[in-house]
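This report describes the packing of selected helices and the surroundings of selected residues. The sequence and the structure are shown first.

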Amino acid sequence: RQLVAEDQRTLVTADLFGAYFPLQLEPLIFSMASQLSEDYGGGYWQFYTLGNGGFYMAPDSDGRFQMVSPNGWEGFISVDAFGITVCLFAYSNLSFGSGQFAKTCAEQYHLLREYMMDHAEAGAILAATD
């Protein structure tokens with residue numbers, strides 16, 4: 001993964017998602033973060049690009065988040081794992097629409113899931129999302 005520089009954030013997200021990033025994807029990510037963890041209270045998020053073409057965001061904070069998944073899974077995960085989990089939920093949700101943006105979200109879901117399989121917390125992320 002590669003941290004997106006502050007001055008490149010708008011360019012990277014526009015290239016990947018177009019105007020849908022600030023209008024649909026980013027607000028959904030923030031909303032889902034609030035729904036999945038009472039520990040989440042807003043704040044700055046870091047952006048990451050992946051070597052396989054994927055993208056995700058994670059809160060810029062230390063520590064862990066207690067998370068409760070809609071599937072009943074409950075546990076503590078790192079902020080990085082939380083960001084990945086929230087992005088997977090958002091991509092999945094938005095992939096059921098129509099048009100190119102839905103296709104992009106479906107593709108980003110699979111790219112992020114592929115990356116996540118090598119993450120130290122892959123088991124917890126899979127338990128929360130499956």
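## Phe-17 in helix α1

Phe-17 lies in helix α1, which spans residues 9-17; helices here are DSSP runs of H or I with at least four residues, strands are runs of E with at least two, and both are numbered from the N terminus. The model is a predicted one, in which local features need pLDDT of at least 70 and side-chain atom pairs count only at pLDDT 80 or more, whereas totals for chains, interfaces and linings use all residues. Residues are numbered from 1 along each chain as its sequence is written, and side-chain values use heavy atoms, with hydrogens and water left out.

With a relative accessibility of 4%, Phe-17 counts as buried, a term that means under 20% relative accessible area, while exposed means over 50% and partly exposed lies in between (1.4 Å probe, protein chains only). Leaving aside residues up to four places away in sequence, Phe-17 touches Leu-25, Phe-55, Tyr-91, Phe-101, Thr-104 and Gln-108; contact means heavy atoms within 4.5 Å. The C-alpha atom of Phe-17 is separated by 8.3 Å from that of Cys-105, although the two residues are 88 apart along the chain.

Which cysteine sulfur is nearest to that of Cys-87? A disulfide is a pair of cysteine sulfur atoms within 2.5 Å, and by this rule the model has 0 disulfides. Cys-87 is in no disulfide, and the nearest cysteine sulfur belongs to Cys-105, 10 Å away. Seen from Cys-105, the closest cysteine sulfur is that of Cys-87, and the separation of 10 Å is too far for a bond. Cys-87 is buried, with a relative accessible area of 0%; Cys-105 is likewise buried, at 0%.

## Helix α2 against helix α3

Helix α2 (residues 20-36) packs on α3 at an angle of about 120 degrees, and their axes are 9 Å apart. Axes are lines fitted to C-alpha atoms, for helices over the stretch in contact, and angles run from 0 to 180 degrees between N-to-C directions. The two helices are therefore oblique to each other: angles under 35 degrees count as roughly parallel, over 145 as roughly antiparallel, 65 to 115 as roughly perpendicular and the rest as oblique.

From α2, the contact is made by Leu-25, Leu-28, Ile-29, Met-32, Ala-33 and Leu-36; from α3, it is made by Phe-82, Val-86, Cys-87, Phe-89, Ala-90, Tyr-91, Asn-93 and Leu-94. By class, this contact has 13 nonpolar residues, 1 polar and no charged. Ala, Val, Leu, Ile, Met, Phe, Trp, Tyr, Cys and Pro count as nonpolar, Asp, Glu, Lys and Arg as charged, and the others, Gly among them, as polar.

## Helix α3 against helix α5

Helix α3 (residues 79-94) and helix α5 (residues 122-129) pack at an angle of about 30 degrees, with 10 Å between their axes. The pair is therefore roughly parallel, and the crossing is right-handed. Ala-81, Ile-84, Thr-85, Leu-88 and Phe-89 of α3 meet Ile-125, Ala-128 and Thr-129 of α5. The contact of α3 with α5 comprises 6 nonpolar, 2 polar and no charged residues.

Ile-84 of helix α3 is buried, with a relative accessible area of 0%. Beyond residues up to four places away in sequence, Ile-84 touches Tyr-56, Met-57, Leu-112, Tyr-115, Met-116, His-119 and Ile-125. Ile-84 and Thr-129 are 45 residues apart along the chain, with 10 Å between their C-alpha atoms.

## Tyr-48 in strand β2

Tyr-48 belongs to strand β2 (residues 45-49) and is buried, with a relative accessible area of 11%. Not counting residues up to four places away in sequence, Tyr-48 touches Arg-1, Gln-2, Leu-3, Val-4, Gly-54, Phe-55, Tyr-56, Ala-58 and Asp-80.

How values were computed
Left-handed = near helix turned anticlockwise from the far one by under 90°.
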